[in-house]
Amino acid sequence: MDIDKEVDARGLNCPLPILKAKKALADMQSGQTLRVVSTDAGSLRDFQAFAKQTGNELLDQQTVAEDFIHVLRRR
C-alpha cells in the first residue's frame, strides 16, 4: 500500500493523535493516504469514530508491539 504521508503520534494521548491526523489530512489531496502511528490504546476507537464523522476512509488498523497503526484515505 502506498503511503503519501506519515504522522508519528507516539507518546501522545487523546485527542492529540486525532488532531495531528486532522491537520495532516487538511494539507493532502483527495485520495491520498495517511499513516498515523500512536501508542494510545484508545486511538483504535478514536480513529474509527473520526473516519465516520469526517468521511475519510479508514483503510487499515494494526497493532504492532506497542504501536497502533491507522491508515486513512483522504476524502
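Trainee: Why does Ala65 count as exposed?
Mentor: Exposed means over 50% relative accessible area, buried means under 20%, and partly exposed is in between, with a 1.4 Å probe and protein chains only. Ala65 has 79% relative accessibility, so Ala65 counts as exposed. Ala65 is found in the loop between S3 and S4, and its phi is near 55°, a positive value in a residue other than glycine.

Trainee: What should I keep in mind about the source of these values?
Mentor: This is a predicted model, where local features need pLDDT of at least 70 and side-chain atom pairs count only at pLDDT 80 or more, while totals for chains, interfaces and linings use all residues. Residues are numbered from 1 along each chain as its sequence is written, and side-chain values use heavy atoms, leaving out hydrogens and water.

Trainee: Why is Asp46 called buried?
Mentor: The relative accessible area of Asp46 is 16%, so Asp46 is buried. Asp46 lies in helix H2; helices are DSSP runs of H or I with at least four residues, strands are E runs of at least two, and both are numbered from the N terminus.

Trainee: Which residues does Asp46 touch, not counting those up to four places away in sequence?
Mentor: Asp46 touches Cys14, Ile18 and Asp40, where contact means heavy atoms within 4.5 Å. Cys14 also takes part in a cis peptide bond to Pro15, with omega near 10°.

Trainee: What makes the buried residues of H2 line one face of the helix?
Mentor: The buried residues are Ser43, Asp46, Phe47, Phe50 and Ala51. Down the axis of H2 they fall within an arc of 135°, so they line one face; the arc is that of the directions from the helix axis to the C-beta atoms. The face turned away from the buried side carries the exposed residues Arg45, Lys52 and Gln53. Among the elements covering the buried residues of H2 are H1 and strand S2 (33–38).

Trainee: How are two packed helices described?
Mentor: By the angle between their axes and the distance between the axes. The axes of H1 (residues 16–26) and H2 (residues 43–54) come within 10 Å and cross at roughly 40°. Axes are lines fitted to C-alpha atoms, for helices over the stretch in contact, and angles run from 0 to 180 degrees between N-to-C directions.

Trainee: Which residues of H1 meet H2?
Mentor: Pro17, Ile18, Ala21, Lys22 and Leu25 in H1 meet Asp46, Phe47 and Phe50 in H2.
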